[in-house]
Amino acid sequence: MARFEQASLLSGRGSRALDLEALLAQAKAQVRRGPRLKGLTILSNGLGRDSATIIALLVQGKLRMDGRREPVDPSEIDFAIFSDTGHEWAYSLIARARLGALLDAVGVAHLTLEKPTARQYRPWLKRKGAEVERLMAAGYRGRDFTNAIKSWQRDNPQPWLDQDWEAIAAAQGRDVWEVKAERGGYHRRPPILEERDTMRWGTSFMGHACTIGHKIDPIDAFLNDWTLATHGVGLKGQRDSWQALVKQGLAEKHRIIIGMAADEQTRIERGRKSMEAAGYKRALYPLSEMGISKDDEGKVLRDVRLNGERYNLDDIKKSGCMMCHYADLGFYWVLRQTEPKTFAQIAQYQRRANEKAPKWSIKGVVRVTTKRDAIPRLAALGLRAPGTPKKASRQEIEKLLHKWLDKDQALERLAKLDPQAVSPVFIEELVDDWRKKNPKATVQDVISKGYDHCGAANRCPFYRS
Ligand code: SF4
């Protein structure tokens, strides 16, 4: 019930309470009486196997978390949220419908934070692209480039965010949060591939920034709406915010349920720390608390019983962006087989990104362009500077090579010893190479397996969840 009261407050229809003094007085009185202001409990639904396992356990009354012995009641979950990056696999979107039906059956509100439509973001992105070209032609790179583009963006805010959401919602008889979620109102960034292509960002260069921009920030924007609508304060900030209320002991942190299995402790610890550092939310990892490993998930998913029906969800696959830099090459081969247009778009994007940052490939740093990177490779390939002692340590060998060769000589030598190391490697070639090594693999073979080293492996708490 609480969930629906909160949800209706998000409609903004006559519900805003912007008197902070009164809020603080109310919160203090509440603290004296007992409980702090209650935060939201959000299930981050990544549409993959981990999230599916959590949902399967939840609907069967078997989910445990937050150190409690009794099972979680579905009414404790305020929203299950999937933040779309704009380039999710088609099979994940099918999983969304199946998982949504289960959540409906137990009354858990679920929503997708959609990207804005092409019509909404294209004109703006085109102007941004023109600015990127202008800056590149003027020689801007690195930090200078980033600062210049940030400044452009300050003067040119995303038009799709600036809408009269309340009027649109009122006209449709719906809640503001529903309309915003559906029309890209929680995403500051256009779809991930188009954005990277415009910015000429190499994927591996992105690290975990993509997760923050396309998954974490949109969910925070949703939380921000909720704290504003229900308590008149924004989410973050040292003063007048939910974060400040938490710090003063007047409000609870929001709880974010994340799908990571028991055998993913390194990721869990990193995710927990970064969530805690935010100061207004904390992460819960029920699968880990329940000791459910990746291998155990199949058992749960194969046999989901709800209202006398039996469901088999074991065919739900790993989720993620189609051009994730952490994906195995096999996934890129699948993409070429099943979505050739998107694959071509990705290949084109990589070539353009390489013009700006020639070092980066879509699958990691594969091109050596500096002496610093060339020397260890030369040492590993057996090159020695004249006079290097036979029993020299690796460190000494590299030091002597450094003294002996300048940058051009080092790169020339490397080009002779390992031509691939100094030439750009494009995704088409990498995929061809993968196929030669895996001539019999089928699409099903590849997508049925996961891969270990996705963003979530150490950073992206949403990936593969
Ligand atoms: S790490 Fe991969 S899946 Fe996660 S947001 Fe980045 S590109 Fe997408």
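**Entry 1: ground rules.** I number residues from 1 along each chain as its sequence is written. I am reading a predicted model, in which local features need pLDDT of at least 70 and side-chain atom pairs count only at pLDDT 80 or more, while totals for chains, interfaces and linings use all residues.

**Entry 2: confidence.** I looked up the pLDDT, the predictor's confidence in each residue, from 0 to 100, and found that the chain averages 88, with 87% of the residues scoring at least 70. Over residues 1–18 the pLDDT is below 50, and this stretch has 33 contacts in the model beyond near neighbours in sequence (two residues are in contact if their C-beta atoms, placed from the backbone, lie within 7 Å). Residues 452–465 also have a pLDDT below 50, and there I noted 56 contacts beyond near neighbours in sequence.

**Entry 3: the whole chain.** I noted 24 helices and 9 strands, taken as DSSP runs numbered from the N terminus, with helices being H or I of at least four residues and strands E of at least two. Of the 465 residues, 38% count as buried; a residue is buried if 20 or more other C-beta atoms, placed from the backbone, lie within 10 Å of its own, exposed if 12 or fewer, and partly exposed in between. Among contacts between residues at least 6 apart in sequence, 75% join residues at least 24 apart.

**Entry 4: α3 and α15.** How do these two helices pack? Helix α3 (residues 49–59) and helix α15 (residues 294–302) have axes 9 Å apart, at an angle of about 45°, the axes being lines fitted to C-alpha atoms over the stretch in contact and the angles running from 0 to 180 degrees between N-to-C directions. The pair is therefore oblique, since under 35 degrees counts as roughly parallel, over 145 as roughly antiparallel, 65 to 115 as roughly perpendicular and the rest as oblique. On the α3 side I listed Arg49, Asp50, Ala52, Thr53, Ala56 and Leu57, which meet Glu297, Val300 and Leu301 of α15. These residues divide into 5 nonpolar, 1 polar and 3 charged, where Ala, Val, Leu, Ile, Met, Phe, Trp, Tyr, Cys and Pro count as nonpolar, Asp, Glu, Lys and Arg as charged, and the others, Gly among them, as polar.

**Entry 5: positive phi.** Most residues other than glycine have a negative phi. Asp66, not a glycine, has a positive phi of about 60°; I found Asp66 in the loop between α3 and β2 (79–83), where it is partly exposed because it has 14 C-beta neighbours inside 10 Å. Asn307 has a positive phi near 50° and sits in the loop between β6 (304–306) and β7 (309–311); with 7 other C-beta atoms within 10 Å, Asn307 is exposed.

**Entry 6: Asp433.** Is Asp433 buried or exposed? Asp433 lies in helix α22 (residues 427–437) and counts as exposed because it has 12 C-beta neighbours inside 10 Å. I also noted that 9.3 Å separates the C-alpha atoms of Asp433 and Leu329, which are 104 residues apart along the chain.
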